[in-house]
Amino acid sequence: KQWYQRRVRGGWMQRIGQLIVHPHEEVYRAALRVMSSAAQSNPPVQAHCIQSGYLATLISRLLSQPERIAKSTVFAISSMVRNMPAAQDAFKGLHGYNTLTTKLAVSSLGPLQKAILTLYNDLLEQDVQLKSDTVMNSMRAGGGMLCKKASEILSDSGSSLDVVQEIIHFYSRTRFLCSEEITLSVTDRLKQLLILFENEKNGELSSVIREILS
């Protein structure tokens with residue numbers, strides 16, 4: 001961490017930051033890997049990424065990116081905002097939740113969905129003011145898309161277990177946004193999954209599903 005902090009003061013991160021608008025995909029993704037490693041659980045570097053506009057740049061680029069690149073962008077955004085309330089406030093102000101919601105709604109099953117859902121779940125868990133601030137307002141605005149996507153993922157037999165796990169945790173925190181029709185559809189699927197997870201002795205997911213159904 002201190003090594004990265006010294007590089008921030010020495011201007012090294014500014015040079016990396018210039019590469020997050022590079023037109024060549026491999027250069028862009030390499031820059032994101034370095035930036036993600038530097039920012040992970042490192043508040044001074046996270047603060048620098050926000051103040052220098054790197055977070056804003058990544059959020060603004062996410063929607064137009066193909067999924068193979070967007071996954072790397074989501075990881076970098078995650079490193080910048082996790083475990084830092086000020087960074088999460090900046091993320092809200094930059095309409096980050098709306099952007100994640102839209103990208104999730106149009107993405108296909110696979111690594112990108114898992115990355116978005118994992119970030120969403122981490123932020124929902126960390127934001128203790130969730131129900132009274134702009135997070136919930138932005139999520140409510142996109143609630144129809146979120147709920148529809150949750151229903152689609154749970155109903156798709158091709159959904160991988162790790163994606164299903166993330167969507168169950170996600171739905172447990174956001175189900176009050178969903179319409180009655182979607183709630184009924186998801187409830188039926190959760191009852192089937194509960195039997196599956198109980199047979200597989202997956203106590204964690206079984207417990208979350210029982211809480212949703214109660």
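User: Is Lys149 buried or exposed?

Analyst: Happy to start there! Residues below 20% relative accessible area count as buried, those over 50% as exposed, and those in between as partly exposed (1.4 Å probe, protein chains only). Lys149 has a relative accessible area of 8%, so Lys149 is buried. Bear in mind that this is a predicted model, where local features need pLDDT of at least 70, side-chain atom pairs count only at pLDDT 80 or more, and totals for chains, interfaces and linings use all residues. Residues are numbered from 1 along each chain as its sequence is written, and side-chain values use heavy atoms, leaving out hydrogens and water.

User: Which residues does Lys149 touch?

Analyst: Contact means heavy atoms within 4.5 Å. Not counting residues up to four places away in sequence, Lys149 touches Leu104, Ala105, Ser107 and Gln113. Lys149 itself sits in helix H11, residues 143-155; helices are DSSP runs (H or I, at least four residues), numbered from the N terminus.

User: How should I read the packing of H13 and H14?

Analyst: Two packed helices are described by the angle between their axes and the distance between the axes. Axes are lines fitted to C-alpha atoms over the stretch in contact, and angles run from 0 to 180 degrees between N-to-C directions. Here H13 (residues 180-199) and H14 (residues 203-213) pack at about 150 degrees, with axes 9 Å apart. That makes the two helices roughly antiparallel, a label for angles over 145 degrees.

User: How many helices and strands are there in the protein chain?

Analyst: The protein chain has 14 helices and zero strands. Of its 214 residues, 48% count as buried.

How values were computed
Angles under 35 degrees count as roughly parallel, over 145 as roughly antiparallel, 65 to 115 as roughly perpendicular and the rest as oblique.
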